[in-house]
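Subject: Handover of a structure and notes on its sheets, helices and ligand shell

Dear colleague,

I am passing the structure below to you, together with notes on what was found in it. Please read the notes with the structure open beside them.

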Amino acid sequence: MPDQFLAVEDARISFGKGSARVRALRGVSVTFERGTLSLVMGPSGSGKTTLLSLLGCLLSPDEGIVFVDGVAVNELSVSEKTVLRRQKISFVFQAFRLLHSLSAIDNVALGLEIREGKRADNMVRARELLLQFGLRGKLNHDPNELSPGEKQRVAIARALAGDPPILLADEPTASLDAEAGRNICQILRSQVDQNGRTVVVVSHDPRWKEFADRMITLSDGQIKQEEQGNKA
Ligand SMILES: Nc1ncnc2c1ncn2[C@@H]1O[C@H](COP(=O)(O)OP(=O)(O)OP(=O)(O)O)[C@@H](O)[C@H]1O
Ligand SMILES: [Mg+2]
């Protein structure tokens, strides 16, 4: 098998039983090349979040194989899988999921601590990330004192703490206005161009096409279309 950096092969997964059974993915095979931004599109219920959850080792397929950093995840023990996920993968969500009792910088530092343990320089590194995303004046603000776009930048800084090679984003711009959304597109694109990360974005938002190397459309648990993005 050539370099399967991040991929699923003939993945199938169902939820529920009997008449309530939903076949969320029905034989999906797709490879995400290292150092690219891929956009996953498709109608509600087509399996986008399920696919992202497989790539992120949050779910296991009923059948098929998931590769992360070239490793077949199904061959790992539960603890090996946790280590792989912690070292290689980060998530960004539509709803930001920041901790509201913590300041922006503490949210990012906690992200680092979870990945790498308590280290003396965690606050320094958290600060650097927030400065990089234009949040200099907001380090000690609580999330509820930030705009949606600022919250998403904090969430991305937290996700990037620990330098993961893979970033998975589920509708990261769906709660943002046009300007803030574009800013997030640029930030995630720069993670590919400047840091060589591999980014997979699930989104209905057509403005992502301009930032994507590749676009995959799911329909009813299967890949309906694969095309090049404008960055390819
Ligand atoms: N944990 C679950 N339990 C039961 N059914 C589920 C579960 N997760 C997903 N499904 C079902 O699997 C199908 C695919 O869901 P998924 O969340 O992947 O869709 P999606 O493309 O992300 O949709 P959306 O655009 O609404 O987020 C849907 O029919 C959904 O109801
Ligand atoms: Mg979804």
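Two strands are taken to pair if DSSP finds at least two bridges between them, and the elements themselves are DSSP runs numbered from the N terminus, helices being H or I runs of at least four residues and strands being E runs of at least two. This is a predicted model, in which local features need pLDDT of at least 70 and side-chain atom pairs count only at pLDDT 80 or more, while totals for chains, interfaces and linings use all residues. Residues are numbered from 1 along each chain as its sequence is written, and chains are lettered from A and ligands numbered from 1 in the order in which they are written.

**The six-stranded sheet**

With those conventions in place, there is an open sheet of six strands in the order β6-β7-β8-β3-β9-β10, and its pairing is mixed. The edges are held by β6 (89–93) and β10, each of which has a single partner strand, so one side of each is left without a neighbour in the sheet. On average, and with direction ignored, neighbouring strands of this sheet are turned by 20 degrees against each other; here, as for the other angles below, axes are lines fitted to C-alpha atoms, for helices over the stretch in contact, and angles run from 0 to 180 degrees between N-to-C directions.

**The four-stranded sheet**

A further open sheet consists of four strands in the order β2-β1-β4-β5, with antiparallel pairing. Its edge strands are β2 and β5 (71–72), each of which pairs on one side only. Five bridges join β1 (residues 6–15) to β4 (residues 63–68) in an antiparallel arrangement, and along this pair Leu-6 stands opposite Val-68, while Arg-12 stands opposite Glu-63. Helix α1 packs on this sheet, touching β1, β2 and β4, and its direction makes about 125 degrees with that of β1.

Strands β4 and β5 pair in the antiparallel sense over two bridges, in which Val-68 has Val-71 of β5 as its bridge partner. They form a hairpin with two residues between them, and Asp-69 in the turn has a positive phi of about 50 degrees.

**Helix pairs**

The axes of α3 (residues 104–116) and α4 (residues 122–132) come within 8 Å and cross at roughly 120 degrees. These two helices are therefore oblique to each other, given that angles under 35 degrees count as roughly parallel, over 145 as roughly antiparallel, 65 to 115 as roughly perpendicular and the rest as oblique. On the α3 side the contact includes Ala-104, Ile-105 and Val-108, and on the α4 side it includes Asn-122, Met-123 and Arg-125.

For α5 (residues 148–160) and α6 (residues 178–193), the axes come within 9 Å and cross at roughly 15 degrees, and the two helices are therefore roughly parallel to each other. The contact is made by Pro-148, Gly-149, Gln-152, Arg-153 and Ile-156 of α5 with Ala-180, Asn-183, Ile-184 and Ile-187 of α6.

**The shell around ligand 1**

Ligand 1 is surrounded by residues that include Phe-15, Val-22, Gly-45, Lys-48 and Thr-49, a residue being counted as near if its C-beta atom, placed from the backbone, lies within 6 Å. Both β2 (22–32) and α1 (48–55) supply at least two residues of this shell, and the largest share, three residues, comes from α1.

With best regards

Methods
Contact = placed C-beta atoms within 7 Å.
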